[in-house]
There are 10 protein chains.
Amino acid sequence: MNQQQLTEILFTAKKQKGLKFADLETLLGRDEVWVAALFYGQARAELDEAQKLGQALSLDADAIEALQDFPLKGLGPMVPTDPLIYRFYEILQVYGMPLKAIIHEKFGDGIMSAIDFSMNVEKETDPKGDRVHISMSGKFLPYKKW
Amino acid sequence: MNQQQLTEILFTAKKQKGLKFADLETLLGRDEVWVAALFYGQARAELDEAQKLGQALSLDADAIEALQDFPLKGLGPMVPTDPLIYRFYEILQVYGMPLKAIIHEKFGDGIMSAIDFSMNVEKETDPKGDRVHISMSGKFLPYKKW
Amino acid sequence: MNQQQLTEILFTAKKQKGLKFADLETLLGRDEVWVAALFYGQARAELDEAQKLGQALSLDADAIEALQDFPLKGLGPMVPTDPLIYRFYEILQVYGMPLKAIIHEKFGDGIMSAIDFSMNVEKETDPKGDRVHISMSGKFLPYKKW
Amino acid sequence: MNQQQLTEILFTAKKQKGLKFADLETLLGRDEVWVAALFYGQARAELDEAQKLGQALSLDADAIEALQDFPLKGLGPMVPTDPLIYRFYEILQVYGMPLKAIIHEKFGDGIMSAIDFSMNVEKETDPKGDRVHISMSGKFLPYKKW
Amino acid sequence: MNQQQLTEILFTAKKQKGLKFADLETLLGRDEVWVAALFYGQARAELDEAQKLGQALSLDADAIEALQDFPLKGLGPMVPTDPLIYRFYEILQVYGMPLKAIIHEKFGDGIMSAIDFSMNVEKETDPKGDRVHISMSGKFLPYKKW
Amino acid sequence: MNQQQLTEILFTAKKQKGLKFADLETLLGRDEVWVAALFYGQARAELDEAQKLGQALSLDADAIEALQDFPLKGLGPMVPTDPLIYRFYEILQVYGMPLKAIIHEKFGDGIMSAIDFSMNVEKETDPKGDRVHISMSGKFLPYKKW
Amino acid sequence: MNQQQLTEILFTAKKQKGLKFADLETLLGRDEVWVAALFYGQARAELDEAQKLGQALSLDADAIEALQDFPLKGLGPMVPTDPLIYRFYEILQVYGMPLKAIIHEKFGDGIMSAIDFSMNVEKETDPKGDRVHISMSGKFLPYKKW
Amino acid sequence: MNQQQLTEILFTAKKQKGLKFADLETLLGRDEVWVAALFYGQARAELDEAQKLGQALSLDADAIEALQDFPLKGLGPMVPTDPLIYRFYEILQVYGMPLKAIIHEKFGDGIMSAIDFSMNVEKETDPKGDRVHISMSGKFLPYKKW
Amino acid sequence: MNQQQLTEILFTAKKQKGLKFADLETLLGRDEVWVAALFYGQARAELDEAQKLGQALSLDADAIEALQDFPLKGLGPMVPTDPLIYRFYEILQVYGMPLKAIIHEKFGDGIMSAIDFSMNVEKETDPKGDRVHISMSGKFLPYKKW
Amino acid sequence: MNQQQLTEILFTAKKQKGLKFADLETLLGRDEVWVAALFYGQARAELDEAQKLGQALSLDADAIEALQDFPLKGLGPMVPTDPLIYRFYEILQVYGMPLKAIIHEKFGDGIMSAIDFSMNVEKETDPKGDRVHISMSGKFLPYKKW
């Protein structure tokens with residue numbers, strides 16, 4: 001079973017069960033963004049997480065095992081063409097250097113970890129148009145000198 | 001005066017005045033990320049903002065005028081090689097599709113605006129290592145049907 | 001069912017029914033360009049739109065459901081090689097900067113939305129050779145300051 | 001004098017004279033988009049047009065001559081990173097195939113010319129947010145068989 | 001039936017019938033280069049042309065219909081690696097700017113159409129080695145001013 | 001003196017002398033396309049050719065010597081963005097495979113040389129619009145077996 | 001039968017017959033490098049060569065016919081990642097300009113043909129480590145002037 | 001002094017002294033290809049070699065020192081556009097896999113070194129057209145197992 | 001059997017047998033990194049190694065034979081998107097030039113072989129977080145002069 | 001002062017002082033690889049480190065200040081062409097996936113940090129040819145779940 005097949009199985013099962021990612025957040029005790037990342041093979045489940053999800057979605061043993069693998073991460077296309085994903089790439093194009101300047105000024109030489117990292121998405125109702133609120137938290141890793 | 005020259009003038013003046021972006025945030029009444037974006041020509045100042053900044057940094061008339069121009073935006077290199085900036089690109093590679101799934105589930109067909117958009121950066125002190133906290137807020141734009 | 005299969009099913013059914021996009025424009029109350037975008041998975045139908053189209057084209061339940069999904073948008077290849085599509089890319093290459101200058105002069109700093117956007121195509125009969133007339137209307141989105 | 005220098009001279013002169021592209025449209029009897037294209041070397045002036053513009057902007061003889069040259073056209077970077085220009089590229093990504101289907105259905109096999117072509121930009125005031133209205137007209141060129 | 005399948009069907013049938021492109025030139029009253037373009041989906045047949053070809057090659061109804069479709073044009077790979085095709089790309093690399101200079105000097109600002117265009121190939125016998133003679137004729141399209 | 005400087009010197013001198021490429025064709029006894037190729041460093045002059053051209057354009061000794069050098073050939077950018085040059089690239093994209101099929105059928109396995117090669121450009125007056133006629137002649141080089 | 005299938009058939013048959021390329025060199029009277037090129041569809045067999053090879057490898061009629069076709073040449077990936085092939089690319093990167101200088105000095109303006117070309121590989125036993133000896137011979141093609 | 005400046009100094013001096021690479025081969029006791037590689041910064045001279053060359057070409061101390069540096073190697077553009085250099089790239093595209101097959105069959109798993117490597121170029125006079133003969137010798141490096 | 005299929009067979013068998021790479025290191029007398037390279041077709045087994053591995057993993061004869069083939073090496077995507085692999089690419093981006101400077105200073109002009117090369121990975125337990133220790137050893141290959 | 005200028009100043013000063021990176025390792029109490037990284041702007045000095053280095057190399061105040069800046073990291077060209085640096089890229093191409101498999105098996109889901117990271121280079125004298133020994137140590141960062 002390759003990752004694309006696993007992703008299709010998971011989305012089909014979720015639709016048939018009438019579940020939302022928010023329901024799976026409650027079930028697994030993990031943020032819905034992380035759960036969606038698991039659906040796309042960008043995160044990896046422990047045995048008990050795979051079993052809970054397997055039960056909720058009526059997955060077979062192969063799918064439950066596949067949820068515990070280490071697939072290749074990364075979406076692939078260098079510059080995304082999907083408009084929703086592109087906007088985040090554009091933010092990086094436009095605000096990448098300003099972010100670098102601010103983080104170096106506040107923290108010194110180093111980076112924000114993309115591994116010891118979490119992110120969540122909230123919907124803010126607004127009469128002028130709802131807003132997407134995204135919050136990221138990553139450990140600052142100072143460059144080691146040696 | 002091209003944008004790169006303007007950027008150098010601004011950073012040199014800021015260093016000579018001993019100012020931090022947080023000081024300019026107070027001065028201009030604009031978030032420090034936006035101010036850093038202005039330094040890189042990724043945002044554009046109104047006349048009064050350009051003048052306030054010009055006074056604080058002792059800029060000449062040309063620089064004050066250039067702050068009000070519309071330069072080409074975007075950093076240029078398609079895949080960034082600077083490690084700090086790359087981490088954000090990696091977040092997009094790894095969590096782009098999950099974000100798309102979550103946003104579509106919460107909002108329907110559309111995107112988060114990168115224009116009607118704000119972002120700020122905070123430092124969270126943590127005994128296990130400080131954390132970078134980034135918060136983004138963008139208007140949800142539903143696809144128009146016609 | 002992936003998007004490419006859905007696209008083939010839709011075009012085959014349309015040909016067998018002897019329908020033109022203009023007929024579907026009348027049927028759905030949506031512009032024919034939008035309907036063609038739906039055929040290629042670049043737009044998304046609501047339940048009632050999917051059902052109307054399903055009835056007109058005798059689609060099965062899977063196709064009707066697939067019309068309501070959120071596929072990856074974008075053609076993929078960075079520089080198109082099809083001559084018809086390339087001409088629009090060339091217009092962008094040749095007139096992109098002039099457009100930027102005119103829009104900034106008329107509206108200030110911001111963009112024309114590609115989301116709150118509509119487009120239609122008309123045929124103008126002309127003895128010196130018919131003309132394609134394309135009309136686009138997009139909401140101006142001013143850059144937010146924060 | 002290379003094209004980039006000419007572009008800077010033209011924009012500087014226009015700013016010093018306090019002229020807008022709409023003023024130059026009146027002066028030259030050419031649409032303001034075409035005039036902006038001339039500023040970027042994407043269009044070419046005849047002798048009388050170059051002289052009229054030269055007089056209005058107080059250009060020297062070299063600049064007036066350079067306006068009549070044939071520079072290399074095209075913006076260069078394959079995928080534009082400026083957000084305003086990118087939106088048009090995105091429209092091409094998202095609506096390129098639908099446009100191809102509609103144009104072929106209405107006109108047969110061929111293309112819309114990007115040479116025998118005109119475009120203009122209008123501002124539509126709208127209480128929900130102003131709109132950019134772009135209108136393109138290109139001659140349909142049917143594929144010749146031989 | 002996709003284009004690649006159609007191309008294979010056509011070449012296999014042509015080989016089985018023992019026909020050369022020159023024979024099909026006579027049959028269809030179209031130049032052999034155009035016929036070869038049709039085989040690769042780079043040109044499109046009218047109903048009667050598709051039927052004549054169908055009869056000559058004993059094609060079934062699906063193939064005859066497919067000959068009248070509008071497939072995506074363009075070979076795909078940006079820089080060709082096949083030596084025969086590359087030589088034409090090299091001619092463009094080496095003589096592209098000279099061609100531009102000559103055509104602008106003779107015709108003014110504009111292009112040679114690749115749509116209102118024909119090309120043929122002849123074999124010139126020569127004791128020092130046969131020569132390929134290629135002749136292209138394209139309508140000159142002057143840039144429209146507006 | 002690098003090639004770009006030489007090209008500028010040659011074009012400036014030609015404009016000041018009021019000469020056309022057709023005049024230089026007569027002077028040098030070489031086709032005007034070849035002469036234009038020489039201007040761009042894509043061809044190389046013998047001593048007597050360089051001297052004749054030097055006299056006609058009043059070039060200094062350095063330029064006359066530079067005309068006899070072996071510069072790097074090729075325009076550089078992989079996919080051209082200038083519309084005039086792109087049309088030839090598009091011809092290659094659309095008709096490259098058909099050309100390959102026709103040449104193999106007429107000549108066997110081999111290529112048309114881009115070295116033992118000549119090309120000329122003629123203007124065909126036509127009431128429906130003038131036509132560009134390009135004629136290429138290249139030696140056929142059969143693949144050697146060994 | 002596509003080229004990849006033919007390549008697999010040929011390598012499998014050669015392995016089953018226990019033949020080396022040197023054996024096929026003797027059988028066909030062609031250098032083993034050329035024979036290997038034929039296996040990868042980079043060269044083309046005449047009827048008698050295809051039949052001899054067919055007999056030696058017990059090929060069926062389809063494979064024998066396919067050996068006489070004109071497949072697309074070129075390996076595809078622009079920069080090879082296989083270490084053995086990359087070394088030849090590196091030689092080109094490092095010694096390409098020096099080769100150009102030497103060949104121009106010895107022969108004048110022109111190229112070494114890659115068509116009227118042969119190459120062979122020999123193993124030189126050496127106590128300090130065996131050496132690969134590659135010998136290439138290509139016709140010099142002087143640039144034609146016209 | 002950067003490498004490009006050094007290369008220009010060396011070629012200019014060689015032309016003024018009326019020397020050929022073959023003369024420098026005799027002077028330095030190194031093959032002319034290696035000497036040309038040194039001119040382009042693709043090889044590195046020892047002190048005595050730099051001094052001998054410095055004397056022959058009347059170089060100043062800076063140039064003699066620069067000949068002993070370790071510049072970045074590699075010509076840069078991934079796919080060369082100069083026709084002479086491209087032919088070697090094409091040989092790699094067409095004959096790369098056959099070479100791999102032959103070398104593995106003769107030597108086992110490993111590569112031909114591009115470091116412990118030499119190459120020379122000879123002119124073979126031939127009434128049907130002179131031939132370029134290139135001879136490469138590289139140490140075979142078997143993959144180490146560990 | 002292609003390489004991808006072989007890789008899947010090997011990983012599936014290893015999982016079913018409950019073996020770790022460290023177990024296979026003991027079995028084959030080869031470092032576990034080399035064994036993993038063999039799983040991905042980046043190394044090649046001798047007959048006895050293939051048989052030992054075949055016995056341990058209950059492979060069939062085809063798989064045992066395939067382990068002795070010479071597949072194309074190299075992972076393919078030019079810039080890796082998997083975060084674990086990317087970090088090594090980043091190390092190259094950030095520390096590549098420093099490494100070049102240090103190696104040239106210590107060894108002179110040459111390279112570290114990637115063929116006569118070994119690498120191993122160790123886990124260092126550390127209360128502040130375990131560390132990955134990677135050790136590479138490659139033969140220095142001085143550039144040959146000739 | 002840009003980074004390239006700083007790099008040149010540092011290398012020139014080091015050569016004039018007759019210092020090796022090993023001497024600077026002793027002076028600064030930092031590994032020589034880190035010092036070389038500092039020379040290329042890939043690492044950043046604290047005030048006292050910049051001053052010590054400034055004294056040893058007789059740098060002026062500007063250079064000492066520039067050593068404390070945060071330049072853009074990354075060498076730039078996506079695939080390196082310098083043979084020494086390419087070998088490390090090749091190691092990544094060939095052994096990247098095996099490394100991923102081994103690290104996941106030993107540590108679980110996560111990466112080796114390229115930030116909390118050190119590397120050193122040693123020369124191993126060996127009668128069969130000296131060896132480069134590179135040792136890397138990076139903190140393992142397990143993927144955080146949230």
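The points below take up the contact between two of the chains and then the annotated positions in one chain.

1. The model is predicted, and the points that follow should be read with that in mind.

2. Where chain B meets chain J, 10 residues of chain B are in contact with 12 residues of chain J, and the two chains bury about 830 Å² between them, with 54% of that area on carbon and sulfur atoms.

3. Two salt bridges are counted between chain B and chain J; in one of them the side chain of B:Lys15 meets that of J:Asp69, at 3.2 Å from N to O. On the side of chain B that touches chain J, helix 6 (residues 83-107) of chain B gives the most, with five residues, and the residues of that side divide into four nonpolar, one polar and five charged.

4. In an unreviewed entry, UniProt places the feature "active site" at A:Arg87, A:Glu90 and A:Ser113. A:Glu90 is found in helix 6 (residues 83-107) of chain A, and it counts as buried because its relative accessibility is 1%, under the 20% cut-off. Leaving aside neighbours within four places in sequence, A:Glu90 is in contact with residues that include B:Ala114, B:Ile115, C:Tyr143 and D:Arg87.

5. A:Ser113 lies in strand 1 (residues 110-124) of chain A and, at 1% relative accessibility, also counts as buried. Beyond its neighbours within four places in sequence, A:Ser113 is in contact with A:Gly138, A:Lys139, A:Leu141 and J:Leu141, while a polar atom of its side chain lies 3.0 Å from the backbone nitrogen of A:Asp116.

Definitions and conventions. Residues are numbered from 1 along each chain as its sequence is written. Chains are lettered from A and ligands numbered from 1 in the order in which they are written. This is a predicted model: local features need pLDDT of at least 70, side-chain atom pairs count only at pLDDT 80 or more; totals for chains, interfaces and linings use all residues. Side-chain values use heavy atoms; hydrogens and water are left out. Contact means heavy atoms within 4.5 Å. Buried area is the accessible area (1.4 Å probe) that two parts lose on being put together, summed over both. A salt bridge is a side-chain nitrogen of Lys or Arg within 4 Å of a carboxyl oxygen of Asp or Glu. Helices (H or I, at least four residues) and strands (E, at least two) are DSSP runs, numbered from the N terminus. Ala, Val, Leu, Ile, Met, Phe, Trp, Tyr, Cys and Pro count as nonpolar, Asp, Glu, Lys and Arg as charged, and the others, Gly among them, as polar. UniProt positions are given in the numbering used here, feature names are shortened, and annotations may be inferred rather than shown by experiment. Buried means under 20% relative accessible area, exposed over 50%, partly exposed in between (1.4 Å probe, protein chains only). A polar contact is a pair of N or O atoms within 3.5 Å; within protein, one must be able to donate a hydrogen and the other to accept it, and residues adjacent in sequence count only if both atoms are side-chain atoms.
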